[in-house]
Amino acid sequence: MRPVLIGTDVCEKTRKRPHAFAYLDYVNLLAKARLPAVLVPPQPEAAMAALLDTASGLLIPGGDDIPFPNPLPEETPLHPLRFQTDSLLVKGALERKLPILGICFGSQLVNHLLGGTLHRHLKNAEHHKGGARHDLVPVKGEGQKLLGEVWEEASHHHQGLDRLASGLQPLVHADDGLIEGYRHASLPVMGFQWHVEKQASGADRMILERFALWCDDARSNAG
């Protein structure tokens with residue numbers, strides 16, 4: 001069975017050697033949909049390409065901030081090894097038209113790599129970080145069809161989506177108008193700013209169901 005690849009995080013531990021790890025919440029999320037998971041630590045580009053050739057989808061988890069050349073005082077730049085690995089995974093999945101689910105940092109990364117922009121530190125960051133709770137309002141049509149009606153969610157980000165990249169369409173906004181979720185108009189790609197893996201709402205479950213259907217289609221099309 002073709003697995004779903006999960007980007008892993010990287011940290012510095014003993015002897016200053018980088019260690020890759022993953023939050024089990026993401027593995028458990030895929031297990032709920034009977035999707036096997038393969039964690040992808042930093043490795044040569046050719047090895048990642050071989051993994052992508054056998055995959056049915058890609059999940060990019062939450063994490064620190066995109067490492068811009070001029071970090072702001074409020075930013076915690078992602079480890080460069082993880083940024084490089086996740087970027088190659090996203091680009092490879094897009095080339096292969098594989099399903100992609102971006103969660104929190106993952107949603108920002110996909111938008112960034114496709115040419116969109118970010119609010120690097122929200123003026124009302126206290127409304128969105130540290131588990132602050134606020135309403136999420138689906139966009140009429142596709143957003144309501146996928147996510148249902150208005151509901152409340154916990155928020156853990158100080159950055160936010162600004163201009164969506166070409167091809168991306170908003171699905172849901174926060175109660176202050178900030179884009180909190182999108183999907184691609186022609187590719188099986190979705191990104192959400194809150195932590196879908198916590199499965200705290202009916203919308204989370206519907207997102208997982210849609211992603212699982214996309215992955216099943218990818219497996220069927222691959223034979």
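**View 1. Pairing of strand β5 with strand β6 in the predicted model.** Ile60 has Gly102 as its bridge partner in β6. Strand β6 (residues 100–103) and β5 pair in the parallel sense over 3 bridges; two strands pair if DSSP finds at least two bridges between them. Strands (E, at least two residues) and helices (H or I, at least four) are DSSP runs, numbered from the N terminus. Residues are numbered from 1 along each chain as its sequence is written. Because the model is predicted, local features need pLDDT of at least 70 and side-chain atom pairs count only at pLDDT 80 or more, while totals for chains, interfaces and linings use all residues; side-chain values use heavy atoms, without hydrogens and water.

**View 2. Strand β5 and its pairing with β1.** Strand β1 (residues 4–7) runs parallel to β5, joined by 3 bridges. Leu59 of β5 is the bridge partner of Ile6. From β5 (residues 57–60), Leu58 and Ile60 point one way, Gly57 and Leu59 the other, and all are buried (under 20% relative accessible area, 1.4 Å probe, protein chains only).

**View 3. The β-α-β unit.** A right-handed unit is made by β5, helix α3 (residues 80–96) and β6. Right-handed means that, with the strands pointing away from the viewer, the path from the first strand over the helix to the second runs clockwise.

**View 4. Surroundings of Ile66.** Ile66 lies in the loop between β5 and α3. This residue counts as buried because its relative accessibility is 2%. Beyond neighbours within four places in sequence, Ile66 is in contact with residues including Phe83, Phe105, Leu109 and His112 (heavy atoms within 4.5 Å).

Note on methods
Buried means under 20% relative accessible area, exposed over 50%, partly exposed in between (1.4 Å probe, protein chains only).
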